[in-house]
Amino acid sequence: MSIIGKALPHESAQGHVTGEALYTDDLCGRFPNLLHAWPVMSPHAHARLEEIDVTPALDEPGVVATLTESDAPGEADSGPNRHDEPLFPKEVLHHLQPVAWVLGETLEAARLGAGRVRAHYSELPAILTIEDAIAAESFHSGPFRLKRGDASAALNTSSVNIEGELFINGQEHFYLETQSAIAWLDESGGIRAHSSTQHPSETQEIIARALALPKSRVTVDCLRMGGAFGGKETQANAWAAIAALGAWKTKRPVRVRLPRALDMALTGKRHPMLMRFAAAFDNSGLLQGLQLHVYSDGGWSLDLSEPVLWRSMFHADNAYLLRAADITGYVCKTHKTSQTAFRGFGGPQGMLVIEEILDRAARKLMLPPEVVRERNFYREGDTTHYGQPVKDASRIARIWKELKASSSFDARRAAVDRFNAGHPHEKRGIAITTVKFGISFTATFFNQGGALVMIYRDGSVQVNHGGTEMGQGLFTKIRQIAAASLGVPLETVRMMPTSTEKIPNTSATAASAGTDLNGAAVVDACAQLQARLRPVAAELLNCTPENVRFEEGAVSSGGQKISFARLIDAAYRKRVALFAQGFYSTPEIHYDPQTGQGRPFYYFAYCAAVTEVEVDGFTGDARVLRVDILQDAGDSVSPLIDQGQMEGGYVQGLGWLTIEELLWDGRGRLATGGASTYKLPAWSELPEQFHVNFLTRAAEPGVVFGSKAVGEPPLMLAISAREAIRDAVAAFGSSEEVRLEIPATPERIYWAIQRVRKAPRSVVEPVGASQE
């Protein structure tokens with residue numbers, strides 16, 4: 001059996017459960033004389049720092065040094081693009097923003113020393129909501145626009161218009177390992193850092209910038225991360241830069257690790273967004289035109305907010321044809337944490353608004369929501385509102401049809417109706433939704449990957465690549481790809497920690513593209529090695545190079561066979577290079593933001609889910625009874641890893657849409673700053689039945705081993721849970737409109753039930769609900 005497609009556990013699974021797997025902060029014991037850093041933080045959300053005196057901190061026993069702007073030889077700013085994230089700001093732009101740092105022999109000494117620092121502020125007005133930012137015209141950037149056809153004309157001539165707005169709350173990453181970095185001087189006068197980062201090359205760049213060093217004198221390593229979800233793509237940079245500045249000043253190793261409360265208070269979240277829309281439908285439920293204004297809360301700095309907004313605008317269609325569309329987007333500037341990448345990267349917010357619109361239209365037309373959704377699917381030959389052909393569009397309907405059959409959707413819909421008729425205080429709901437998610441970085445230049453594969457004389461292999469492991473199983477997949485590409489047993493392949501000294505100029509491990517980019521680079525390196533080895537093997541086997549086969553550690557031709565190790569030793573003696581650098585760049589992608597047209601994605605990942613819930617009318621509590629998922633993963637490289645991504649993505653999306661609520665008070669302080677106030681999905685939120693399946697006959701040409709990305713798309717499948725809750729709420733009354741805020745907490749569900757119980761429903765002649 002080929003190692004590709006084999007269901008294998010995570011390559012570090014045993015280490016995860018035994019504690020043997022090491023993370024950045026576990027490495028502290030390797031560094032004698034390690035110093036610990038603690039920030040001096042502003043008590044205001046927006047203020048001017050008039051003066052600061054850090055010298056009193058040095059009176060605290062155990063304090064060794066302080067860090068201020070004068071300690072940075074270079075540019076003390078961690079902003080990746082706009083350089084708008086000063087490490088030592090003169091103007092405070094969010095609550096608890098660090099203005100200086102204290103280094104101590106212990107973390108407690110550093111914390112107490114920070115408390116001695118004297119800082120004087122002049123408080124300034126703070127903008128804390130999207131509405132306030134719009135009123136004040138406080139924007140980081142925008143407007144951006146995507147336009148096709150004449151949406152205004154469609155609205156003026158349509159039979160049914162839907163207008164409204166939808167506020168979509170953010171989400172805390174809550175990775176198990178908080179932000180962490182250790183930096184030290186190497187023997188040549190350069191800087192080395194261990195960082196819990198998704199983007200080692202960018203962390204390297206920020207450190208080099210702060211120290212005014214060439215990048216060649218800065219090395220960043222990432223052993224593994226204990227979760228990231230996008231929260232360590234750019235936002236790991238500042239903490240690594242502080243550690244590096246501390247090491248540069250003191251000539252001692254410096255550790256920065258944020259306790260959970262500080263991590264939540266100082267780091268960015270999923271972008272809250274306010275969607276204002278007007279949509280035109282005909283009497284059959286076909287969407288004729290859409291006007292949409294997207295307002296994203298970027299927080300205090302730009303970070304990745306522009307590409308997040310673009311992806312939200314790209315995905316405002318989800319899987320549905322927008323015949324005419326006019327979509328405008330703004331990144332709002334508020335005095336809160338700088339919102340950043342999060343699994344889905346704006347796509348989930350865009351999909352939510354179109355699903356909201358379709359549901360409202362269906363209820364106004366007295367049609368089942370699933371009927372309206374299906375009637376609006378993309379078909380073969382359609383293009384998106386930004387001009388990209390929807391390749392394999394027929395898979396949307398195929399997945400929908402197969403999932404409805406495998407989940408017994410129609411029979412369960414009838415069973416739900418029977419249950420609801422006999423239970424006045426509990427109602428069940430069921431919904432099916434689909435996902436079309438574009439795979440590639442929308443910034444075209446990021447779509448490249450590198451690898452370095454080395455074979456030793458005994459036949460064992462080391463694999464280096466630019467991707468980072470954060471628990472998602474990338475290293476497991478790459479290991480399988482390398483073993484299959486070289487034809488060696490899996491146990492002979494060792495995955496090496498990600499390091500900028502092995503692979504330069506790497507892209508972030510993000511956009512669900514880690515395997516596509518780095519896996520293809522590994523395949524390229526292995527192909528080079530096999531090409532060099534074939535003539536050597538042919539000589540040993542007395543055959544032509546084309547007839548040499550590599551499989552499971554054996555090299556053969558016809559009936560002759562030698563071990564891979566013997567071949568490698570022979571190649572070494574013939575002075576054949578046994579290492580190779582691989583490279584891959586995604587072809588055929590381009591996008592022009594000026595025209596709003598192009599092909600930003602190499603392919604689309606498709607999937608769908610059916611969710612059934614039960615809602616308590618007295619408390620608003622919702623319980624997920626059953627989930628059925630059908631995922632287009634192409635030819636999966638590692639099915640067990642992909643299944644874990646599908647299940648985990650769904651549950652993370654379920655948390656975002658139902659229980660995870662970020663709240664700031666009127667002074668800009670995060671009110672949900674820990675697990676006691678910010679509720680996360682736990683065992684109690686898991687569905688009682690959870691069925692996950694892969695779409696068959698779905699290989700993706702041009703992608704490594706025919707596979708497809710699965711990191712982000714499953715998160716959006718949790719939209720089906722929100723729609724199922726809406727379906728259950730509707731069963732409590734007779735309203736033609738069911739407003740359900742996000743997240744749909746028990747309180748919000750309860751009040752939604754009260755609204756539908758009180759609202760009168762107009763009598764409308766139903767439009768044919770038979771399936772087209």
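Asp665 is partly exposed in this predicted model, with a relative accessible area of 25%. Its salt-bridge partner is Arg669, and the closest N and O atoms are 2.6 Å apart. Arg669 is partly exposed as well, at 35% relative accessibility.

The structure holds 59 salt bridges. Three of them are set out here.

| Pair | N to O distance |
|---|---|
| Arg669 and Asp665 | 2.6 Å |
| Glu356 and Arg726 | 2.7 Å |
| Lys436 and Asp317 | 3.3 Å |

Take Lys436 and Asp317, whose side chains meet in a salt bridge. Lys436 sits in strand β16, residues 426-439, while Asp317 belongs to the loop between α8 and β15, so the pair ties together parts 119 residues apart in sequence. Lys436 is buried, with a relative accessible area of 0%. Asp317 is buried, also with a value of 0%.

Glu356 forms a salt bridge with Arg726. Glu356 lies in helix α9, residues 347-364, and Arg726 in helix α18, so this pair ties together parts 370 residues apart in sequence. Glu356 counts as buried at 1% relative accessibility. Arg726 counts as buried at 0%.

Both residues also belong to a network joined by salt bridges that share partners. Among its other members are Arg360, Arg373, Arg722, Glu723 and Arg739.

How covered is helix α18? Mostly: 12 of its 12 residues are buried. They include Arg722, Glu723 and Arg726, three residues that are also in the network. The helix runs over residues 719-730 and reaches 17 Å from its first C-alpha to its last, close to the 16 Å expected.

Note on methods. Residues are numbered from 1 along each chain as its sequence is written. This is a predicted model: local features need pLDDT of at least 70, side-chain atom pairs count only at pLDDT 80 or more; totals for chains, interfaces and linings use all residues. Side-chain values use heavy atoms; hydrogens and water are left out. Helices (H or I, at least four residues) and strands (E, at least two) are DSSP runs, numbered from the N terminus. The expected span of a helix is 1.5 Å times one less than its number of residues. Buried means under 20% relative accessible area, exposed over 50%, partly exposed in between (1.4 Å probe, protein chains only). A salt bridge is a side-chain nitrogen of Lys or Arg within 4 Å of a carboxyl oxygen of Asp or Glu.
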